[in-house]
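The following exercises are to be worked with the sequence and the three-dimensional structure at hand. Each task is followed by a solution in steps.

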Amino acid sequence: PPADAVPPRAPARSVTAYQEYLQGRYFWNNWLRPEDERLEQALSRYTEALRIDPNFAPAHAGAARVHVARAVNYRERPRSALETARAAAKRSLELEPRMSEGHLALGDVRRMLEWDWRGAEVAYVEAIALNPSQENAHRGYATMLAALGRYTEAIREIDRAVELDPLCLVVGTSAAFVRYLAGDYEGALGHCRRTTDIDPQYLPARRLCGAVYLQIGRTEDALAVLEAAHAEASHDPVYAASLSNARALAGDAAGAAELVAGLPRLGATRYLSRYHLALAYVGIGDCDSAFAALEQAVVDSDPALIYLAVEHRFEPIRPDPRYARLLDLLGLS
């Protein structure tokens, strides 16, 4: 069965706490989209389980993973969410050192918050050793390896995650993303298509498909995909930024600038990812604003920042000395 279906090794001392925890697992295993409120319901149930039994390690690990997901999906300022996740992950491992989910959450925190690549790798390897069927550990490890340019290993790990859970939309999109970063654009499109065949409305896979189209020169296809995704997620700055970048590359400078100008308004209701804002600025050729946004992304620990060295759309700013300094800061030189 999927790793998330495995019951905890350390049972709660309270039946009620355990039942709350199981409800949290249910919501966690059934949230699909970045805006899905089941993520918040999962956190609420884990929090209640810990109110009843503060020493219930699996609930700490579950809460840590929810906070990581909140950071990745920009539910709040990522640094705040990741710091909370770090505390929860460490507490889970203090209580149960051999808990795979605790090591997985710690690996996520080390790569996204601390940029501790060696420490993150140790945590992921331990999570996989404790539960080889933990597809999310293989997925997290794969995306970290891809961020470091270790593509052969990354593809091996993400393929294992797909084998373990071939119907998971997040895993399928991650398989496409790893191949996109590795320059295997046909492989990336294949995984995007398989994911959207499962759920045609899954926007992260469609957004990535647009990015792949840009790299292979299918600009009109990229615009069509990204315009449609933006229309369905007009409240989400990430989709506006991706479309702005594509419009600029297609020669629509005015349309790109219009989207960039609207991003602060979108950021009034949810966290505005400075990493994605930088992508939009790169598209319109505003390098100074792009680097200012990336510097703020460092302060905020934007989870996407770890891909700075390998994201193809940042190619125009790579010769700038400020780019090399950022990579040094992140340990990605």
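**Exercise 1. Determine how many aromatic pairs the structure holds, and classify the pair of Tyr 26 and Phe 27.**

Step 1. Rings of Phe, Tyr and Trp (its six-membered ring) pair if their centres lie within 6.5 Å; planes under 30 degrees apart count as stacked, over 60 as edge-to-face and the rest as tilted. By this rule the structure holds twelve aromatic pairs.

Step 2. The ring centres of Tyr 26 and Phe 27 are 5.5 Å apart and the planes meet at 70 degrees, so this pair is edge-to-face.

Step 3. Phe 27 has a relative accessibility of 18% and therefore counts as buried, a word that stands for under 20% relative accessible area, against over 50% for exposed and partly exposed in between (1.4 Å probe, protein chains only).

Step 4. Trp 28 and Trp 31 form a tilted pair, with 6.0 Å from centre to centre and 50 degrees between the planes. Both Trp 28 and Trp 31 are buried.

Step 5. A cluster linked by ring pairs contains Tyr 18, Tyr 21, Tyr 46 and Phe 56.

The model is predicted: local features need pLDDT of at least 70, side-chain atom pairs count only at pLDDT 80 or more, and totals for chains, interfaces and linings use all residues. Residues are numbered from 1 along each chain as its sequence is written, and side-chain values use heavy atoms, with hydrogens and water left out.

**Exercise 2. State which residues touch the most other members of the largest nonpolar core.**

Step 1. A nonpolar core is a set of buried Ala, Val, Leu, Ile, Met, Phe, Trp, Tyr and Cys residues joined through side-chain atoms within 4.5 Å.

Step 2. The largest such core has 80 residues, and Tyr 180, Leu 294 and Phe 314 touch the most other members.

Step 3. Another core, of 15 residues, lies apart from the largest one; Tyr 21, Ala 42, Phe 56 and Ala 69 are among its members.

Step 4. Contact means heavy atoms within 4.5 Å. Not counting residues up to four places away in sequence, Tyr 180 touches several residues, including Tyr 185, Leu 208, Gln 215 and Arg 313.

**Exercise 3. Explain why Arg 313 is classed as buried, and find its polar partner.**

Step 1. Arg 313 lies in the loop between helix H16 (287-300) and helix H17 (321-330). Helices (H or I, at least four residues) are DSSP runs, numbered from the N terminus.

Step 2. Arg 313 is classed as buried because its relative accessible area is 11%.

Step 3. The side chain of Arg 313 makes a polar contact with that of Glu 311 at 3.0 Å. A polar contact is a pair of N or O atoms within 3.5 Å; within protein, one must be able to donate a hydrogen and the other to accept it, and residues adjacent in sequence count only if both atoms are side-chain atoms.

Step 4. Beyond its neighbours within four places in sequence, Arg 313 is in contact with residues including Ser 242, Asn 245 and Leu 279.

How values were computed. Helices (H or I, at least four residues) and strands (E, at least two) are DSSP runs, numbered from the N terminus.
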